Amino acid sequence: MQHFQQYIGGAFSDGSAQFESRNPATGNVWAMMPEARAQDVDAAVDAAHAAFASPYWAGMTASARGKLLYRLADLITQNAQSLAALETRDTGKIIRETSAQIAYVAEYYRYYAGLADKIEGTHLPIDKPDMEVWLRREPIGVVAAIVPWNSQLFLSAVKIGPALAAGCTVVLKASEEAPAPMLEFARVFDQAGFPPGVLNIITGFGADCGAVLTCHPKVDHIAFTGGPETARHIVRNSAENLASTSLELGGKSPFIVFEDADIESAVNAQISGIFAATGQSCVAGSRLIISNKIKDAFLARLKEKAEAVVIGAPDDMATEVGPLCTLGQCETAVDLVARSKAAGAIVITGGERLDRDGIYFPPTIIDCSNAPDAPCLTSEFFGPVLSVLSFDTEEEALYIANDTAFGLASGVFTKDLTRAHRMIRNIRAGIVWVNTYRAVSPIAPFGGHGLSGHGREGGLQAALDYTKTKAVWLRTSDEPIPDPFVMR
């Protein structure tokens, strides 16, 4: 059995307690994880706070910070295979995806490495002739970064990369579900040469770890990825320290297919959008909104491909859909499917947990065209379940797409350029993919609004979000200051 440690102030330790981690492909305990409690959280935040003020970090040039991030990126590339295998074992995510994704994670660190010395201030053309005024961008301070278990090395990169590029320090709380990849990443990070305390990695449970971290008086910013309910607790906690927040939450993303779309291409994109990563993605295209003119042909092809998906062990490169990460997700899927059927929805394929070792749920398609109130249309499964609605007009498609409290991602499939632009303009979502889906890049911002959160990760804006502006006024006149009782 493997034993993992937390990383605080440049040192590894066991934490206040230990807890078990189970392999979702087998259900067996395979590792022991360190459980951080209040004293560990205090130690991690204190280490980050001390590092933020340390001349070894605060006095480091932006270019030097960038070189360290480049070094980290190289180390991630060197260790990508072992990190991918570890993530697959602890989360059940298939090795085909973890291998490709973690190799690409290094590009996020390279992007922010190059950006570190490009964060610039601004000269202001002030309306006072004897003044020079400019803005400095300075790091916001200690960042509490909280990531879920799915795609955790990617979701942490879009926080750690811009935060360190800006000169912040970070306490990262990995999910208590499957934290092994982040705890192993700490050992990779330790080799890069950053000063102690710049990044600290812990894991633990809500009341004793997460709540203590998010209301800690020395935390200046909270970057969270997860669900809306946890986000509400975090926002309440931030009232204690008045930390700023960025929230990347869930979604019920619309996947809109018009009658002129390339059916084969759109079917493949829909397969990727909902069944890749076993549907455990915040941008999952979980609501298919399909033109009635092609609905039958499209669903027939989609069903054929869904039933041909290879379900198997996540460490097998032939596997296309692996297990769900937690038993709770599977129970949620079973319950939502049952309640949706009771509301009149029709299961086209799948819908029941597989009778095998591990937490396996098959690709599932539910036709809700005659059940507009089915709960599967509004609740996030975080699993391989697709809900289907149909439309006759563009206006109807747009209404259905926007009929959600979420606003993260969306997909539009059409060959009509003017229609595509109308949909791009009117869909309420932070991301619109046209004739593609689930594409990412460190250059492009990522995020949503509504119950999908606020703030953006990726791109230049993410780095600026980890800074604050300081206005500097310099009086250039040699004359004595006039009337001291008049505001200048």
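Two strands pair if DSSP finds at least two bridges between them. Strands (E, at least two residues) and helices (H or I, at least four) are DSSP runs, numbered from the N terminus. The model is predicted: local features need pLDDT of at least 70, side-chain atom pairs count only at pLDDT 80 or more, and totals for chains, interfaces and linings use all residues. Residues are numbered from 1 along each chain as its sequence is written, and side-chain values use heavy atoms, with hydrogens and water left out.

**View 1. The open sheet E1-E5-E4.**
Glutamate 20 has methionine 32 of E5 as its bridge partner. E4 and strand E5 (residues 29-35) run antiparallel and are joined by six bridges. The sheet has three strands, in the order E1-E5-E4, with mixed pairing. Strand E1 (2-3) and strand E4 (17-22) are at the edges with a single partner strand each, so one side of each has no neighbour in the sheet. Helix H3 (residues 62-91) lies across E1, E4 and E5. H3 runs at about 100 degrees to E5. Axes here are lines fitted to C-alpha atoms, for helices over the stretch in contact; angles run from 0 to 180 degrees between N-to-C directions.

**View 2. The largest nonpolar core.**
A nonpolar core is a set of buried Ala, Val, Leu, Ile, Met, Phe, Trp, Tyr and Cys residues joined through side-chain atoms within 4.5 Å. Buried means under 20% relative accessible area, exposed over 50%, and partly exposed in between (1.4 Å probe, protein chains only). The largest core holds 65 residues. Leu72, Tyr109, Leu172, Phe185 and Phe194 touch the most other members. Phenylalanine 194 is in contact (heavy atoms within 4.5 Å) with Trp57, Leu68, Leu69, Leu72, Leu164 and Phe189, leaving aside neighbours within four places in sequence. A second, separate core has 31 residues, including Phe255, Phe298, Val309 and Phe446.

**View 3. Strand E8 and its parallel partners.**
Five of the five residues of strand E8 (residues 142-146) are buried. Val142, Ala144 and Ile146 lie on one face, and Val143 and Ala145 on the other. E8 runs parallel to strand E9 (residues 169-174), with five bridges joining them. Alanine 144 has valine 171 of E9 as its bridge partner. E8 also runs parallel to strand E11 (residues 221-225), here over four bridges. Alanine 145 stands opposite alanine 223 in E11. Helix H5 (residues 152-166) belongs with E8 and E9 to a right-handed β-α-β unit. Right-handed means that, with the strands pointing away from the viewer, the path from the first strand over the helix to the second runs clockwise.

**View 4. Strand E17, covered on both faces.**
Seven of the seven residues of strand E17 (residues 385-391) are buried, so the strand is largely enclosed by the rest of the structure. One side carries Val385, Ser387, Leu389 and Phe391; the other carries Leu386, Val388 and Ser390. Strand E14 (residues 287-291) pairs with E17 in the parallel sense over five bridges. Strand E16 (residues 364-367) is joined to E17 by four bridges, also parallel. Serine 387 of E17 is the bridge partner of arginine 287. Isoleucine 366 also stands opposite serine 387.

**View 5. Helices H1 and H7.**
The axes of helix H1 (residues 38-53) and helix H7 (residues 206-214) come within 8 Å and cross at roughly 35 degrees. H1 contributes Ala38, Val41 and Val45 to the contact. H7 contributes Asp208, Cys209, Val212 and Leu213.
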